[in-house]
Number of protein chains: 2
Amino acid sequence: MKKQAIGFIDSGVGGLTVVKEAMRQLPNESIYYVGDTARCPYGPRPQEQVLQFTWEMTQFLLSKDIKMLVIACNTATAVALEDIKKKLAIPVIGVIMPGSRAAIKSTSNNRVGIIGTEGTVKSKMYEQLIHDKDNQVEVISLACPKFVPLVESNEYRSAIAKKVVAETMKPLKNKQLDTLILGCTHYPLLRPIIQNVIGENVTLIDSGAETISEVSTILDYYDLAEKSQKKPSSERKFYTTGSKQMFHDIASQWLGLKELEVEQIHLGTAE
Amino acid sequence: MKKQAIGFIDSGVGGLTVVKEAMRQLPNESIYYVGDTARCPYGPRPQEQVLQFTWEMTQFLLSKDIKMLVIACNTATAVALEDIKKKLAIPVIGVIMPGSRAAIKSTSNNRVGIIGTEGTVKSKMYEQLIHDKDNQVEVISLACPKFVPLVESNEYRSAIAKKVVAETMKPLKNKQLDTLILGCTHYPLLRPIIQNVIGENVTLIDSGAETISEVSTILDYYDLAEKSQKKPSSERKFYTTGSKQMFHDIASQWLGLKELEVEQIHLGTAE
């Protein structure tokens, strides 16, 4: 029987941080990834557009017969998760619930920060999910619209990145946070800089890593998980709507893979 | 509508470490707990007996209309999870899968240790589940049959406990483990001593805490989670087959609760 892949979708390269965890925690699983780099960032876009773009990526992966869909993008999760989950027969998982859950698990002083795109912060979905579970937790959110472009332009380790992160995150200083959710899958690439700015005592929650625990739970629960084989046979395919070369550079670097199958695709009406 | 509780079962007080995490991570959920203290420990018992006892606790909680069952005991999970999960209409979760998953997530050098009861270690269920997911991980198991009696007799912070733990765990020294699964829900009560013996660099996996993340995932997935109310209304009830006083002492201490509703019950043929 042909192995079915898990599908991952993101506005660009950010979801690769989720894929990296999937490769580590679920090495037997095949992975198909779509990064809508040509239309990234999603953060400042109107909801209807994010919903439409997310459905376009989803339809593309459904045509590849995936067994589960991971919306590896906070902005798309906030807007499209409920709709897509309701309409698909396969399990669909977003990145906001796992991040919220992990923050509640992590915090001792009940003061949790969230950084994300404008779209994610405006949606207030993290606050809502955290408060649904535990209304004793205080949640402080901050939109960081400059972070995604830094990552997508492969500038995420530059001196500029350090400056931008330090300036953007100033409002979170002296807020007594003990936990900070990286509420955008692009942000783990900026992790060392973010940790340095916010301080060593704050636990950073990588919603991507948490999402993979949840993917693993649901795979097991539905008996969909691939078991180890003598000969490894998992397949990884990457699709981007933007520059194949740029995507290949960031992905191979971040995932530590020399050989990487990247294909350029067109979705809807590229801008 | 009456709130339905999550049911927890254990051979004794060990499952309280799972309940503690449930109270922390899922404060809105009602909890019913059965500890089969009169017939504890389960570790050295034959499988058929463990299966029978676990079903007796399950039947008791089903009569209380629980919405989900957590087998908060590694020995009972190894023997009875599959059977009970197959036969019940509500979600059923054990502690071994979440612990295995968390160990894979935690390890960097692929050397994971497991300590547990004789029953759990003999079942090889941790090894099997870890290898099904990632056969690159080396797993080293050690049965620690003296640990549960230390906890059940409320001796878990004594000088004797320190000595017993240090002697029992000697075979794990110099094994280059970076992760150790506390493969018995009683063991988190011995956590400071275990951490001291194994060294600060080894990450201890509390399968109970991990199990609650999984409970939370499944509750959300099935839309069974309780949301925060203005007036907290969650209910906690504890049932023991043994001494009400002893159970009350350990539970109130461990859970940090002064008021605790404990009832003694009889299951099957108490020995």
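Which residues of strand E3 (residues 68-71) of chain B are buried on one side, and which on the other? Met68(B) and Val70(B) are on one side, Leu69(B) and Ile71(B) on the other, and all are buried, where buried means under 20% relative accessible area, exposed over 50% and partly exposed in between, with a 1.4 Å probe and protein chains only. So both faces of that strand are covered.

Before I go on, the conditions. This is a predicted model, in which local features need pLDDT of at least 70 and side-chain atom pairs count only at pLDDT 80 or more, while totals for chains, interfaces and linings use all residues. Residues are numbered from 1 along each chain as its sequence is written, chains are lettered from A and ligands numbered from 1 in the order in which they are written, and side-chain values use heavy atoms, with hydrogens and water left out. Helices (H or I, at least four residues) and strands (E, at least two) are DSSP runs, numbered from the N terminus.

Staying with E3(B), its neighbours are as follows. Strand E1 (residues 6-10) of chain B pairs with E3(B) in the parallel sense, over four bridges; two strands pair if DSSP finds at least two bridges between them. Ile9(B) has Ile71(B) as its bridge partner in E3(B). Strand E4 (residues 92-94) of chain B also runs parallel to E3(B), joined by three bridges. There, Leu69(B) stands opposite Val92(B).

Now the sheet in chain A. Six strands form an open sheet with parallel pairing, in the order E4-E3-E1-E2-E9-E10. Strand E4 (92-93) and strand E10 (262-264) of chain A are the edges, each pairing on one side only. Within the sheet, strand E2 (residues 31-35) and strand E9 (residues 236-240) of chain A run parallel and are joined by five bridges. Gly35(A) has Thr240(A) as its bridge partner in E9(A).

Next, two helices of chain A. Helix H4 (residues 96-106) has eight of its 11 residues buried, so it is largely enclosed by the rest of the structure. The buried residues include Ile96(A), Pro98(A), Arg101(A) and Ile104(A). In helix H9 (residues 191-198) of chain A, the buried residues are Ile193(A), Ile194(A), Gln195(A), Val197(A) and Ile198(A). Their cover includes strand E5 (111-116), helix H7 (147-152), helix H8 (159-168), strand E7 (179-182) and strand E8 (203-206) of chain A. Just after H9(A), Gly199(A) takes a positive phi of about 105°.

Two loop residues are worth a look. Thr117(A) lies in the loop between E5 and helix H5 (118-123) of chain A. With a relative accessible area of 8%, Thr117(A) is buried. Not counting residues up to four places away in sequence, Thr117(A) touches Gly43(A), Thr75(A), Ala143(A), Val148(A), Cys184(A) and Tyr187(A); contact means heavy atoms within 4.5 Å. The side chain of Thr117(A) also makes a polar contact with the side chain of Thr120(A), at 3.1 Å. A polar contact is a pair of N or O atoms within 3.5 Å; within protein, one must be able to donate a hydrogen and the other to accept it, and residues adjacent in sequence count only if both atoms are side-chain atoms.

The other loop residue is His186(B), between strand E7 (179-182) and helix H9 (191-198) of chain B. His186(B) counts as buried because its relative accessibility is 1%. A polar atom of the His186(B) side chain lies 3.3 Å from the backbone nitrogen of Gly14(B). Among the residues that His186(B) touches are Asp10(B), Cys40(B), Val148(B) and Glu152(B).

Last, the interface. In chain B, 31 residues are in contact with 31 residues of chain A. The area buried between the chains is about 2800 Å², with carbon and sulfur atoms giving 44%; buried area is the accessible area (1.4 Å probe) that two parts lose on being put together, summed over both. On the chain B side, Lys105(B), Lys133(B) and Tyr221(B) lose the most area to chain A, together 25% of what that side buries.

There are eight salt bridges between the chains, each a side-chain nitrogen of Lys or Arg within 4 Å of a carboxyl oxygen of Asp or Glu. One of them joins the side chains of Arg101(A) and Asp220(B), at 2.5 Å from N to O. H10(B) supplies nine residues, the largest share of the side of chain B that touches chain A.
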